[in-house]
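My entries follow in the order in which I made them.

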Amino acid sequence: MYTLGIDIGSTTTKCVMLRDGAEVLAASLVEAGVGADGTAEAVESVLVQSGLNMAAVAYTVATGYGRKRWTGADGEISELSAHALGCHFLMPEARTVIDIGGQDAKVISLDDSGRMSGFVMNDKCAAGTGRFLDVMAGILKVGVDALGSMAARSESPADISSTCTVFAESEVISQLANGTPVPDVVAGICNSVAARVSALARRQGVKEAVYMSGGVAKNEGVRKALERELGVTVSTSPDAQLAGALGAALNAYRKAST
Ligand code: ADP
């Protein structure tokens, strides 16, 4: 049986095709979130990769910020449940999931069967989310994918103390004007996101193993800063940004099987 999961996020749309609730057949990521429609492109891509058409798909589940605006799905699931399911599949031993996406950050506790047992979330403030990193990368005129390797070159991370994105932006500009090396500024930016998310994680309680999902999991500077802040290993995998779409496809399999 083929099931499809789609995660319509604030910045990217992700899609996963699953066979028999166990094997990932195809996955896609389109750099367009809610508003700019990447849904059709993301779905088309997994259909082409897996050599299937929509008629072969037993059930489709949508998740993510934009899920209500897409009428093509048979069902929907919250982002929290989708990430819990997807991360349990990717790392069964995970008991804490740290998900940092384009506009929010979530810390989810999982029980031994992978079920969500609690969560905390920041969806009110851009600091501590991918949005903060996107804004800072814009000021530095570098790609967001370059931040991790730049932070790794830092010898003395700058202190970015403002907790508000707008004030932090001025702080970064004045650090650069004062001659602080760019890698140190970038490391300070990554540390700032990690500090915000660690505070969230401590509120929820951190139980190992810890798995990081969402697009910011690709940023090694933030992941390593989280490890330092929390004093635990924070694991991730190349498909961590697909966790929500994968969870939606797993949920679709469950729904189609009952
Ligand atoms: P959403 O589901 O809200 O669209 P994602 O989980 O896809 O969010 O994460 C998007 C965020 O991930 C972006 O704001 C960006 O900061 C970060 N990101 C995306 N791709 C990369 C990359 N290659 N390297 C580092 N960070 C990335």
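For residue classes I count Ala, Val, Leu, Ile, Met, Phe, Trp, Tyr, Cys and Pro as nonpolar, Asp, Glu, Lys and Arg as charged, and the others, Gly among them, as polar. On that basis I find 2 nonpolar, 11 polar and 4 charged residues in the shell around the ligand.

I note that this is a predicted model, in which local features need pLDDT of at least 70 and side-chain atom pairs pLDDT 80 or more, while totals for chains, interfaces and linings use all residues. Numbering starts from 1 along each chain as its sequence is written, and side-chain values use heavy atoms, with hydrogens and water left out.

Counting a residue as near if one of its heavy atoms lies within 4 Å, I listed 17 residues around the ligand, of which Ser10, Thr11, Thr12, Lys14 and Asp134 come nearest.

Of the 580 Å² that the ligand exposes when taken alone, the protein buries 88% (Shrake-Rupley method, 1.4 Å probe).

From the domain assignment, automatic or from a database, I took domain 1 (1-91 + 239-258) and domain 2 (94-236). Their C-alpha centres lie 25 Å apart. Both domains give residues to the shell around the ligand, so the ligand lies between them.
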